[in-house]
Amino acid sequence: MKSFDYARAATASEAVGSFRPGTMYLGGGTNLVDLMRLGVARPDHLVDVSRLPLADIEQVRDRLRVGAAVRNSDLAAHPLVRSRYPALARSVLAGASGQVRNMATVAGNLLQRTRCPYFQDVTRPCNKRDPGSGCPAIEGDHSGLAVLGASGACVATHPSDMAVALAALDAEVHLTGPGGDRIIPIPGLHRLPGDAPEHDTVLQPGDLITAVELPEPPPGRQVYRKVRERASFAFALVSIAAVLDVRDGVVGECRIALGGVAHAPWRAERAERALIGGPATGEAFLAAAEAELEQARPLPRNAYKVPLARNLIVRTLEELAA
Amino acid sequence: MNRIEGRVKVTGLATYAAEYPVAGMTYCFPVQSAIARGRIVRVDATRALAMPGVLAVLSCEEPPKLAEDADGELALFQSREVCYRGQLVAAVVADSLDNARAAADAVSVEYEPAVHDVTLSADHPGLYRPEVVNPNLPTDTGKGDVEAGLAEAAYTVDVTYTTPVLHNNPMEPHASVALWDDEGRLLIYDTAQGASWARNAIAAILGMPAEQVRVVSRHVGGGFGSKGTPRPQAVLAALAARAVGRPVKIVLTRQQMFDVTGYRTPTIQRLRLGADADGRLTALEHVAYEQSSRLVAFAEQTAAPSRVMYAAPALRTAHRLVRLDVATPSWMRAPGECPGMYALESAMDELAYAAGIDPVELRVRNEPETEPDSGLPFSSRNLVACLREGARRFGWETRDPAPGVRREGEWLIGTGVAASTYPARRMASKAVVTVQGDDFLVKVAATDIGTGARTVLTRIAASTLGVVPDRVHVELGDSDLPDAPVAGGSMGTASWGSAIVRACEELKSNGKEGRADTAEEIAADARLARHAFGAQFAEVRVNAFTGEIRVPRLLGVFAAGHILDDTLARSQFIGGMTMGLGMALMEETLTDAEFGGFLRRDLAQYHVPACADVPLVEAVWLEEEDAGLNPMGSKGIGEIGIVGTAAAIGNAVYHATGHRVRDLPITPPKILVPRFQPL
Amino acid sequence: MEITLQVNGVPRTADVDPRISLLDLLRERLGLIGAKKGCDHGQCGACTVLIDGRRANACLALAVAVAGSAITTVEGLAHGDELHPLQAAFIEHDAFQCGYCTPGQLCSAAGMLGEPGPSAVTGDLAADPGLTPEEIRERMSGNLCRCGAYVNIVTAIAQVAP
């Protein structure tokens with residue numbers, strides 16, 4: 001690990017004020033320390049924001065405000081999250097291990113980086129880690145990587161489970177930074193790789209997430225489901241967060257977000273549009289899933305993700321409609 | 001009785017290799033090759049040497065003096081040739097781990113790369129017939145006419161199975177602490193499965209008399225074969241400690257372990273079986289293709305179990321090896337039997353379906369009178385009894401053999417069976433027993449890698465002496481103790497225990513002391529086919545929509561001679577079966593064709609089973625009396641548990657889905673064929 | 001940087017490099033070898049300790065970032081000669097073989113027993129589920145055991161679970 005200096009910030013503005021080139025913010029450390037030890041992250045200055053007074057979960061009118069430093073396990077265990085946003089609770093519980101969830105923060109979970117094997121190995125090329133060096137995953141091991149929205153420069157996936165649920169629930173991040181305070185909707189926080197895969201998100205240097213806000217839960221039932229070959233403590237092959245409200249056999253509200261398929265949590269907007277106002281039947285669910293997945297551009301070793309995502313969408317919606 | 005070292009293990013006081021408190025400790029961190037083949041032009045340590053705390057950089061620029069016939073994996077920095085990506089090419093010693101690791105990043109190695117080849121295939125032009133296969137078995141065997149046997153068969157199976165690169169991944173990383181004293185003696189705290197062997201090998205490579213070297217391995221955090229022979233870190237620690245004149249600690253990172261501590265070779269196995277109308281084999285051919293590095297020719301005995309299992313008038317086994325620009329494979333739990341029985345027992349299941357015969361019954365019908373290949377009588381063989389008892393306990397008689405017809409909600413359900421086998425060997429060992437006050441002290445350079453060796457050896461000594469175990473104290477894990485073979489090959493207990501029994505018998509006769517060396521006794525052992533056998537049954541659930549596979553139930557029934565300690569034996573069996581579950585469903589290291597080396601070199605990417613994967617694993621055994629083994633009447637049990645598990649699970653997946661996956665691991669992508677349309 | 005931690009109830013002060021992990025601080029500087037290094041990346045759980053009462057991977061915590069915290073390692077679970085009930089149950093049920101993952105399993109179990117709320121396998125999110133074997137297996141899946149002692153580990157924990 002490269003040497004760095006360490007400072008603990010007392011307030012968000014102090015953290016942002018101390019930001020300079022080479023600075024990284026340290027939350028729970030579960031991904032950043034991991035990447036520093038691998039040499040993937042090489043900060044000169046580490047500003048610890050894990051103890052900022054941003055660890056509260058509070059209801060603000062109809063909305064739920066979750067502080068950026070809330071630990072993942074506290075988020076999943078919170079009564080309001082369990083009762084009003086079950087897809088979010090389940091997504092958090094599906095991620096990592098009990099130990100990691102106790103350490104990881106909400107903001108850190110959103111900003112965790114891809115687990116692409118090439119990204120994590122500094123002795124191999126990777127456009128995300130070392131722009132312009134190439135993407136060996138396209139010809140090599142891409143079995144866990146993206147089938148939607150990828151580019152010739154990068155086929156990485158975003159590994160978070162929580163972000164998938166937040167995308168389905170139309171959450172937004174609140175942040176402060178050198179350019180002032182901003183609000184960014186979560187479908188939109190994470191970028192597609194395009195020709196600049198080194199940027200995971202639309203955040204600017206020095207931006208610090210202070211909170212995640214969830215609007216009032218949409219009507220209907222919600223669920224999060226994750227597929228993985230190891231029964232626990234594994235990243236998703238494909239996951240889904242879905243909300244479905246059916247009245248008299250007709251789809252009212254429908255939200256579908258997929259994980260493990262793209263550089264960002266993937267809101268299945270085509271599928272949602274195809275379903276809203278139509279019949280809640282297995283045929284309609286299948287047609288919607290296929291409409292969404294027409295955009296998929298799988299590689300030889302991740303082509304299984306297309307039928308898997310299709311089956312997962314159909315099966316999940318069927319269960320929610322039942 | 002509970003494990004003797006239980007209390008120190010649960011209180012965190014058990015001392016593993018890297019944990020001895022040593023004053024003035026320094027830390028070594030290796031630098032690994034970034035190419036798979038080529039030459040090192042230059043190692044530039046200038047920048048590293050200028051970094052804080054750095055004491056030395058070792059590399060081929062100043063090759064340390066080592067024995068000329070050193071094992072290629074241990075001949076550190078002797079050559080500028082690079083033989084695989086990840087090979088150790090330099091090392092930094094510094095005053096702290098963080099300083100050593102940071103400086104290792106700063107060592108600049110200039111290479112002249114050459115074109116590499118890291119891909120095993122069954123038609124690789126470099127395939128050859130190795131002289132022998134591990135441990136020292138004939139490469140090829142044959143009797144009868146396989147082609148004629150196939151031609152006359154009513155049913156034939158001709159199938160190819162593959163197994164991937166598998167890594168032992170003991171929880172404790174390979175580690176060594178080396179200290180030189182003023183008289184030039186070397187002490188290494190090492191993660192060795194055998195202190196005597198490690199001492200001999202390290203002394204030889206350093207060109208020292210064995211008595212100048214001491215290896216201590218009081219607690220070893222698992223090995224599964226990967227610590228059976230010295231690994232580079234032990235030699236490197238010794239060299240580094242000599243270079244800086246201070247004690248040196250090396251703990252390999254998990255990632256480095258994938259490269260330099262051995263792995264199970266990938267295999268491609270072709271099985272050709274023929275059977276008559278009653279299911280009796282007319283021919284059995286098992287050909288295995290596998291790889292080794294350019295440094296060491298390690299040829300796994302993958303087809304060897306087919307020499308043992310079934311009666312067939314025509315029986316041929318063969319091994320072909322190719323040397324690639326890859327890391328050196330080595331022992332991993334049940335080398336040979338584990339991957340070989342996966343293929344054989346899967347093929348037997350395919351034959352059972354082809355012939356329309358129950359798979360338990362098919363195996364029973366092919367029970368041999370004598371060892372099929374050698375013709376030797378078995379010292380004991382209770383495979384049929386294991387199959388029958390397992391079938392009874394598992395509820396096999398009510399099984400509908402039709403594949404792909406049982407469903408509960410999203411889940412397809414199936415069951416499968418496979419046989420297990422593992423040789424029952426022993427090697428020469430010494431042991432000394434003395435009287436100490438009212439108690440007895442047993443000394444033997446055995447190793448407890450988690451098997452419970454301390455406990456079982458205590459029981460063996462107590463039982464021979466006719467005293468309560470509390471009065472017996474076993475000292476092991478130190479090469480200064482009487483020479484003993486490695487904890488491996490499922491022969492530790494048989495080897496050490498034989499010597500302890502003889503030493504105790506001598507003590508009983510003279511009242512003072514017993515010293516045993518079983519070399520002569522073992523050389524006089526009758527020629528017999530000595531193997532443990534077992535039958536494994538698996539129930540699986542396969543999700544029809546996602547391809548996820550879960551194993552709600554595993555049952556193993558074993559016949560392994562006299563079981564010396566029920567608790568320890570059960571732990572060994574279920575532990576092996578759990579590892580077999582990992583082999584069946586998740587374990588796989590990928591080889592990077594473009595850059596060489598391995599991908600997925602950590603425990604987030606190389607999945608071993610987690611607690612949630614293992615709801616119910618049961619192991620039982622038949623009491624087996626066998627006077628042809630050793631004084632305890634025991635067969636080794638450390639490895640047989642993993643033999644057959646993957647086949648039983650794979651066969652159950654077929655039974656659940658009607659889909660035969662012949663390439664391990666059986667993962668959702670391989671299940672998710674277009675047949676699984678949503679309802 | 002000089003930091004102070006409460007380790008097993010005893011204040012410990014050390015002058016540390018900001019790079020050092022809590023795990024290396026415990027093992028290499030404070031002489032507490034109970035917490036194990038299995039992967040150094042939070043992927044195996046062998047390093048699990050309690051930080052301010054919550055189970056965490058000591059390999060992923062920078063020592064400077066947990067300065068001021070109370071740390072409990074496996075060495076701090078027993079009360080003098082009296083083993084923690086989990087320790088006694090692990091011995092009784094042979095819930096380990098090589099023992100290398102054991103300190104992490106024990107600290108993880110100790111932390112897990114006090115953790116509120118549902119898990120990934122809980123049916124009803126609103127109810128606090130009992131610690132059934134299925135719940136224990138899921139909640140303990142952050143602690144890998146290569147010897148394959150899971151079946152016995154779950155039995156041992158179930159004996160202690162409320």
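## Chain B and its partners in a predicted model

Among contacts in chain B between residues at least 6 apart in sequence, 81% join residues at least 24 apart, a contact being two residues whose C-beta atoms, placed from the backbone, lie within 7 Å. This is a predicted model, in which local features need pLDDT of at least 70, side-chain atom pairs count only at pLDDT 80 or more, and totals for chains, interfaces and linings use all residues. Residues are numbered from 1 along each chain as its sequence is written, while chains are lettered from A and ligands numbered from 1 in the order in which they are written.

Chain B holds 16 helices and 29 strands; these are DSSP runs numbered from the N terminus, with helices being H or I of at least four residues and strands being E of at least two. With a radius of gyration of 25 Å, close to the 26 Å that the globule rule gives for 679 residues, chain B is as compact as a globular protein of that length. The radius is taken over C-alpha atoms, and the rule is 2.2 Å times the number of residues to the power 0.38. The C-alpha trace of chain B spans about 75 × 65 × 50 Å along its principal axes.

Now for a sheet. Seven strands of chain B make an open sheet with mixed pairing, in the order S3-S5-S1-S14-S11-S12-S13; two strands pair if DSSP finds at least two bridges between them. At the edges sit strand S3 (54-59) and strand S13 (213-216) of chain B, each pairing on one side only. From one strand to the next, the twist averages 20°. Strands of a sheet pair through backbone hydrogen bonds, either parallel or antiparallel. In chain B, strand S1 (residues 26-32) and strand S5 (residues 88-94) go for the antiparallel sense, over six bridges, and Phe29(B) stands opposite Val92(B) in S5(B). Helix H3 (residues 97-106) of chain B lies across S1, S3 and S5 of that chain and runs at about 25° to S1(B). Such angles run from 0 to 180 degrees between N-to-C directions, with axes being lines fitted to C-alpha atoms, for helices over the stretch in contact. Helix H6 (residues 232-244) of chain B packs on the sheet too, touching strands that include S11 (175-180), and its direction makes about 35° with that of S11(B).

Further along chain B comes helix H11 (residues 453-465). Its 13 residues should span 18 Å at 1.5 Å a residue, which agrees with its end C-alpha atoms being 18 Å apart; the expected span is 1.5 Å times one less than the number of residues. Twelve of the 13 residues of H11(B) are buried, so the helix is largely enclosed by the rest of the structure. Among those buried are Val456(B), Leu457(B) and Ile460(B), but also Arg454(B) and Arg459(B). The buried residues of H11(B) pack against several elements of chain B, including strand S21 (430-436) and helix H14 (566-585). Just after H11(B), Gly466(B) takes a positive phi of about 75°.

Ala275(B), found in strand S15 (residues 267-275), counts as buried because it has 28 C-beta neighbours inside 10 Å. The C-alpha atoms of Ala275(B) and Leu150(B) are 7.7 Å apart, although 125 residues separate them along the chain. Leaving aside neighbours within four places in sequence, Ala275(B) is in contact with residues including Ala153(B), Tyr155(B) and Leu351(B).

Chain C has five helices and five strands, running β-β-α-β-β-β-α-α-α-α from the N terminus on. Of the 162 residues of chain C, 65% count as buried. Where chain C meets chain B, the contact takes 49 residues from chain C and 48 residues from chain B. On the chain C side, H5(C) gives the largest share, five residues. By class, the side of chain C that touches chain B has 24 nonpolar, 13 polar and twelve charged residues; Ala, Val, Leu, Ile, Met, Phe, Trp, Tyr, Cys and Pro count as nonpolar, Asp, Glu, Lys and Arg as charged, and the others, Gly among them, as polar.

Methods: A residue is buried if 20 or more other C-beta atoms lie within 10 Å of its own, exposed if 12 or fewer, and partly exposed in between; C-beta atoms are placed from the backbone.
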